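Work through the exercises below with the sequence and the structure at hand. Try each task before reading its solution.

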Amino acid sequence: MTTTRSTNPGPAASSLRKRIRETLAAYKTIQAVDKQWSAAVRDGTMSYSKSVAKNFQSQYQRWLLHADHLLTEVKQAQRQGNTIPGFAELRDAIGFCPAPLDIDAIAESFRRLDRGEGIPLAEAVNGKILHRRAS
């Protein structure tokens with residue numbers, strides 16, 4: 001028995017595509033504002049604020065919760081034979097979302113770098129491991 005992929009997706013698949021686009025757009029917006037703030041902190045235009053950093057983390061966590069649910073729906077649609085464009089990009093965004101990172105540990109790493117110290121390899125590796133991969 002062969003499975004055929006739908007080339008003319010139904011309303012459910014179209015809705016999923018739209019939701020993926022919206023979810024990725026929201027992620028890119030959070031990232032853009034986060035990067036802008038981070039760059040301003042690095043160049044001294046703005047001071048670091050733990051509350052702002054926690055706010056970004058909270059936004060990423062809310063986004064991640066929503067994106068994980070959406071990914072589950074997309075996988076179910078794919079099991080039913082639908083091809084859902086944007087799946088890989090959503091999966092990658094989930095995998096690289098910085099929501100689970102420890103803000104205090106990151107801030108301490110930057111303070112050490114500012115003092116001319118290095119970051120121990122184990123910490124650098126652990127930071128990479130914390131980025132989870134969506135399957």
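**Exercise 1.** Which residues form one aromatic cluster?

Solution. The model is a predicted one. Searching the whole structure gives four aromatic pairs. One aromatic cluster is formed by Tyr27, Tyr60 and Trp63.

**Exercise 2.** Classify the pair of tryptophan 37 and tyrosine 48 by the angle of the ring planes.

Solution. Step 1: two values describe a pair of aromatic rings, the distance of the centres and the angle of the planes. Step 2: for tryptophan 37 and tyrosine 48 the centres are 5.9 Å apart and the planes stand at 40 degrees. Step 3: planes under 30 degrees apart count as stacked and those over 60 as edge-to-face, so the pair with 40 degrees is tilted. Step 4: locate the partners. Tryptophan 37 belongs to helix H1, while tyrosine 48 sits in the loop between H1 and H2, 11 residues apart.

**Exercise 3.** Decide for tryptophan 37 and for tyrosine 48: buried, partly exposed or exposed?

Solution. Step 1: buried means under 20% relative accessible area, and exposed means over 50%. Step 2: tryptophan 37 has 11%, so tryptophan 37 is buried. Step 3: tyrosine 48 has 40%, so tyrosine 48 is partly exposed.

**Exercise 4.** Describe the surroundings of glutamine 57.

Solution. Step 1: glutamine 57 is part of helix H2. Step 2: its relative accessible area is 14%, so glutamine 57 is buried. Step 3: leaving out residues up to four places away in sequence, glutamine 57 touches Ala99, Leu101 and Ile103. Step 4: a polar atom of the glutamine 57 side chain is 2.7 Å from the backbone oxygen of leucine 101.

Definitions and conventions:
Residues are numbered from 1 along each chain as its sequence is written. This is a predicted model: local features need pLDDT of at least 70, side-chain atom pairs count only at pLDDT 80 or more; totals for chains, interfaces and linings use all residues. Side-chain values use heavy atoms; hydrogens and water are left out. Helices (H or I, at least four residues) and strands (E, at least two) are DSSP runs, numbered from the N terminus. Buried means under 20% relative accessible area, exposed over 50%, partly exposed in between (1.4 Å probe, protein chains only). A polar contact is a pair of N or O atoms within 3.5 Å; within protein, one must be able to donate a hydrogen and the other to accept it, and residues adjacent in sequence count only if both atoms are side-chain atoms. Contact means heavy atoms within 4.5 Å. Rings of Phe, Tyr and Trp (its six-membered ring) pair if their centres lie within 6.5 Å; planes under 30 degrees apart count as stacked, over 60 as edge-to-face and the rest as tilted.
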